[in-house]
Every structure is written in structure tokens, then in C-alpha cells.
Amino acid sequence: MPSTAAAEVSPDKLEEYRRELTGYCYRMLGSGFEADDAVQETMLRAWRAAEGFEGRSSVRSWLYRIATNICLDMLRGRQRRALPMDLGPASPPVEALFGGWRPEEAWISPIADERVLPEHGDPAEVAVARDTIRLAFVTALQHLPARQRATLILCEVLRMPAAEAAATLGTSVPAVNSALQRARTTLAALPEEQRPGPLDADQAGLLARFVDAFQRYDMEQLVTLLADDALMTMDVVRWMQEPTPSQCRDSIMVPAGQVNGMQAFAQYKPDPAGGHAPWALQVHEVSGGRVSRMTFFLDTERIFAEVGLAPHLP
């Protein structure tokens with residue numbers, strides 16, 4: 001007969017932690033797809049070990065310990081994920097300079113807010129959780145060694161006490177405090193453009209004007225909406241106009257819900273066979289009344305399916 005503690009580890013009980021565990025694994029791994037795999041493995045290991053759970057810690061702490069070990073194993077020997085703008089300056093829009101496609105594991109991938117943010121809760125806590133899945137923050141985390149990354153997320157994002165974080169990581173409180181200090185120092189030393197900055201509270205109006213200008217391909221209007229140092233993987237206007245004629249002209253932008261704490265848009269460009277084909281998921285940040293960071297995710301087959309977007313528009 002299972003113990004009272006083991007009885008707490010039912011499938012329904014475990015499922016209650018899926019969202020927050022997905023958020024944790026996403027921050028650790030930088031990939032929504034890998035976060036799903038890590039959480040699924042966490043649930044499987046927890047269910048298999050349920051009989052041995054003695055209740056010496058909370059179910060939540062126990063699950064985070066399992067998830068942390070899985071993420072550390074997945075990160076072992078791997079290069080950090082990044083966004084293209086963090087790997088160097090943009091190239092001119094010349095096809096001869098295009099490199100081959102890098103593997104999926106080289107890049108940060110997006111995640112829908114609804115998969116990681118709490119359904120209910122204190123608005124201030126939800127706002128903090130949303131801010132810590134922003135692309136800039138998740139990308140900055142990838143500069144940290146895996147155990148420092150886990151320490152920072154557990155202590156500063158999840159607000160876990162140092163003693164609980166130490167138990168989760170299988171280390172001591174002094175080691176946790178030391179790792180936390182080193183992680184903070186590393187993040188503070190990152191170049192300004194690689195650190196998450198403040199966001200405007202109201203972005204809807206500006207993004208609506210951005211979408212309108214993009215769909216009309218009005219480059220003059222678009223430029224007025226961009227910050228002078230807007231971050232993108234390419235020189236904005238040149239890449240939208242060259243090589244000519246632009247294949248993105250007459251694109252359709254479809255609202256795609258909240259992704260990484262931002263309103264996202266699905267870009268469908270004209271399909272020579274008819275209608276519009278998926279081209280990119282656009283996620284943009286707004287600061288100082290202008291668009292400050294533009295990110296285009298091109299792995300549309302997987303991303304559009306995950307966000308629930310149509311594979312083609314008539």
C-alpha cells in the first residue's frame with residue numbers, strides 16, 4: 001500500500017506543476033521544444049519513483065530537483081543557444097554571402113506565454129514571470145554555465161530560498177550564494193545590446209502601426225517606428241527592399257497571441273502557387289516609444305503548428 005507521501009504524487013497532482021516546470025526548463029534550455037521533452041521526462045521519472053517519495057521535501061521541490069538534473073544532463077558539452085544578432089554584425093543583403101542553415105540547437109526558439117505563465121495569480125508575479133521569458137533575458141541566461149544558470153533562475157526568478165535551492169542542486173548554501181554572485185557578475189558584464197532593457201507598458205498602438213506599415217511595405221513609415229539602434233539580424237530597409245523585387249512585399253500579418261511576453265505576429269508571404277505561405281513568426285520589443293528589437297523565427301513548420309497557426313492562407 002503506498003505511503004501518504006507517495007499518494008501525493010498522482011498524475012493529476014504532477015500535472016499541476018507542468019506550466020511552471022515548462023517555464024523553468026525553457027529558461028534553462030532556451031528551446032520550447034526541448035523544454036517539453038525535459039518536462040515530459042521529469043513527469044515520467046517522478047511517476048516511476050512515486051513509491052519511493054517519502055515527503056522529506058515538498059512535491060514541488062522534488063520535481064524541480066528532477067527537472068534540474070535532466071536539464072543539466074541535456075546541457076552537458078553543448079554550445080550555448082543564441083539569437084543571430086548576438087553572434088556578430090549583419091551581412092549585406094547579398095545572396096553570395098549567405099551561409100548554410102545552422103542546426104536548430106544553435107538558436108533560441110520561442111514559446112507561447114500560455115504554456116509557461118500561471119493561469120491565475122497575483123498580477124505583479126505574473127508580470128515578473130512574463131519579463132523573465134523575454135527573448136533578451138533568456139538569451140542572456142545562455143551566457144551562464146549551466147549550474148550558475150540554474151542557481152540564478154531558482155533564486156531570482158522563482159524566489160526559492162537559498163537552502164531549498166541548495167537541496168535542489170545537491171550543493172551547499174555557501175556554494176549557491178557564490179554561484180549566484182558569479183552569475184550576476186557575468187550578466188552585468190554583457191554588452192548593453194545583449195542585456196534586457198526596460199519595456200513600454202503600452203505597446204499595442206505602436207505595434208499596430210508597425211504591422212500596417214509592414215503590410216503596405218511603406219519603408220519610410222516603418223523607419224519612423226524603429227529605434228535608432230533597433231536590433232535585427234539585418235539592415236532593416238535594405239533587407240526588405242533587396243534583392244529586388246522583394247519577396248516579402250504584399251505579406252499578410254496575423255496576430256499570433258503572446259509569445260515570450262510580447263504580442264507576436266505570423267507573417268505569410270505570397271505563394272507563387274497561390275495564396276500566402278508561412279514565412280516567419282515576428283516577435284518585437286518596444287522601448288522608448290519605438291520598436292527596439294525585431295526577431296524573426298523562420299522554423300515555421302514546427303512553430304506555427306505549436307502556436308496553432310494555419311499552415312497556409314488562401
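Predicted model: local features only at pLDDT ≥ 70, side-chain atom pairs only at ≥ 80, totals over all residues.
Two or more lining residues are given by each of helix 3 (18-29), helix 5 and helix 6 (123-131), with helix 6 providing the largest share, 5 residues. The volume of the second largest pocket is about 580 Å³.

Helix 9, which spans residues 162-169, has as its buried residues Ala165, Ala166, Thr168 and Leu169. These residues lie on the same side of helix 9, because the arc that they cover around the axis is only 160°. An α-helix has 3.6 residues a turn, so residues three or four places apart point the same way. The packing partners of the buried residues of helix 9 are helix 5 (59-75), helix 8 (146-157) and helix 10 (173-188). Just after helix 9, a positive phi of about 70° is found at Gly170.

A positive phi also occurs in the hairpin formed by strand 2 and strand 3, where 2 residues stand between the strands and Asn260 adopts a value near 50°. Strand 2 (residues 252-259) and strand 3 (residues 262-270) run antiparallel and are joined by 6 bridges; within this pairing, Val254 has Ala266 of strand 3 as its bridge partner.

Technical notes: Residues numbered from 1 in each chain as written. Heavy atoms only, no water. Buried < 20%, exposed > 50% of the residue type's maximum accessible area, 1.4 Å probe, protein only. Helix = DSSP H or I, 4+ residues; strand = E, 2+ residues; numbered from the N terminus. Arc of directions from axis to C-beta. Contact = heavy atoms within 4.5 Å. 1 Å grid on protein atoms, 1.4 Å probe; cavity = no way out; pocket = protein on both sides within 12 Å on 5 of 7 lines; lining within 4 Å. Points joined across faces, edges and corners; volume = space filled by probe spheres on them. Pairing = 2+ DSSP bridges.
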